[in-house]
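Hi everyone, thanks for coming. Please have a look at the structure on the screen, and then we will walk through it together.

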Amino acid sequence: MAIFLACLLIAGGLGGILQYRLNRSFLDYLNEQENRSLTQLESRLVDVYEARGSWEELEQNPQLWTSILLSAVRSSFFPVNGDKFGAEPLPPPMRERDHESGRMPPPRVHIAQRMERFVGRIVLLDAKRAVVKGSSRLGVPDNLLELKSAGKTIGYLGMHRRQSLTEKVDVDFAERLQRTVWLVVLLLALPMAGLLSFLLARHLGKPIQALRKGTRQLTDGNYSLRMTPQGRDELGLLTRDFNQLAERLQQNETSRKQWIADIAHELRTPLAILRGEIEALQDGINQPDTATLASLHQEVSHLQRLVSDLYDLSMSDSGALSYHKETLDIVALLRETLTLHHTVLQEQGLQVQTQGLAQQAVLVQGDPQRLQQLFKNLLENSLRYTDKPGQLHISSQLQAEWMDILFEDSAPGVPNEALPQLFERLFRVESSRNRATGGAGLGLSICRNIVEAHGGTISAAHAALGGLQIRVHLPLHR
């Protein structure tokens, strides 16, 4: 309906514009025809002036003016059929009772009335542009025709243009043109608009209905649904966006299921160990000595770390993790973190080298607690997964507006296919980075969220020492 109404509005507008232009063009045509009749008067008026030497006789003899006009322009109003209208006086105007009764006057009366109106609009001026004959009520006409005799200007001849259609025959002709225009609009434009609206609506409706059905299937959980794009228009682009949405939902659903399964596995293992230890104590198999209590404490600590990491990760994903940013020296903060973990690093046999770290202050805009948590997680990642004794090289690279901090540890390394997945939740490389090291696979995911919250990026690659290289890319403070 909207397309049909739009087409109908366009057709109506075009019909109105065409009607207006036809009326104006027809009026211009009549004025042009009457202007051409003035050229027939030129020679007669010049002859009269040359015979008398002035316009005085023409001013004093109205019959002479009338006869000149009638003899010059009668061919413009009568067909060439031998009619000697010029020799006869003008018929009287149509009587009032004929007008009131609606009866049409004879054809010759029409022509006489038209000639009277035509003659009444002709104006003759002398060389000084003073009115010689004609009405001066409407002023001086435009486009005056200059009259010359012996190379001398003797006067000007002009005619006031029509401003509207006055003769009934002209009005009737214009009305017939208007009726033809609207008949074309009604009989041609309306059916074409209806057909075009139907075809276009059907063309647009099919993919829209398909998208509606696909959306309902997505709502019901059918994330494997894919639709075939039709064309490259907006509906085709919408279909491609629909497919991308379905693919993303399918990925999220798969990730959610894997996430739940991984969390259940991570929680089940320490709980099973705790249950076994407690049941052994209850059965008297184990004694509540220092070793048993240390084992229980280790499993509880592991559960506490796992729950804490899950909480931090969920807060970061939802955007609820608070950040209090300030201008700080990122290098000094890193050195302070290394000092706090110096004892643990030595006990675990991990030798840290910082010769490649910048000596000058490097300012960034960040949260000192969150950035310290970032460095702590990266250090713990090397502590857990590096063979003892191991090495850790920490260096920095300064650019125009960015700073890179690199953590490179020694063997074991990470396979190529595992590098892009290291920052996913609960992901561990089973060959070396297993649960025996105490990690749950959440530390690097938390690191990625912290770095992205500071407008940076984090990536993994192979280290020259044979292990893993973590690159932290952070923007400098302006």
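This is a predicted model: local features need pLDDT of at least 70, side-chain atom pairs count only at pLDDT 80 or more; totals for chains, interfaces and linings use all residues.

Residues are numbered from 1 along each chain as its sequence is written, and side-chain values use heavy atoms, with hydrogens and water left out.

What is pLDDT? It is the predictor's confidence in each residue, from 0 to 100. Here the mean pLDDT of the protein is 79, and 83% of its residues reach 70 or more. Over residues 78–106 pLDDT stays under 50, and the model has 30 contacts beyond four places in sequence for them; contact means heavy atoms within 4.5 Å. Residues 431–438 also stay under 50, with 23 such contacts.

Now the sheet. Helices (H or I, at least four residues) and strands (E, at least two) are DSSP runs, numbered from the N terminus. Two strands pair if DSSP finds at least two bridges between them. In what order do the 5 strands of the open sheet come? The order is S6-S8-S9-S11-S10, and the pairing is mixed. S6 and S10 (457–462) are the edge strands, each pairing on one side only. On average, neighbouring strands of this sheet are turned by 20 degrees against each other, direction ignored.

Let's zoom in on S8, residues 390–398. With S6 (residues 350–353), S8 pairs in the parallel sense over 4 bridges, and Leu350 has Gly390 as its bridge partner. With S9 (residues 402–410), S8 pairs in the antiparallel sense over 7 bridges. There, Ile394 is partnered with Phe407 and Leu392 with Asp409. S8 and S9 form a hairpin, with 3 residues between them.

Across S6, S8, S9 and S11 (466–475) lies helix H9 (residues 330–340), running at about 25 degrees to S9. For that angle, axes are lines fitted to C-alpha atoms, for helices over the stretch in contact, and angles run from 0 to 180 degrees between N-to-C directions.

On to the inside. Buried means under 20% relative accessible area, exposed over 50%, partly exposed in between (1.4 Å probe, protein chains only). A nonpolar core is a set of buried Ala, Val, Leu, Ile, Met, Phe, Trp, Tyr and Cys residues joined through side-chain atoms within 4.5 Å. The largest one has 38 residues, and Ile330, Leu374, Ile394, Ile405, Phe407 and Val472 have the most contacts inside it. H9, H11 (368–385), S8, S9, H12 and S11 each supply at least two residues, and H11 gives the most, with 6. A second, separate core of 19 residues includes Leu38, Val48, Leu64 and Leu124.

In H12 (residues 443–453), the buried residues include Leu444, Ile446 and Val451. After H12 comes Gly455, whose phi is positive, near 80 degrees.

Leaving aside neighbours within four places in sequence, Asn243 is in contact with Arg226, Met227 and Pro229.
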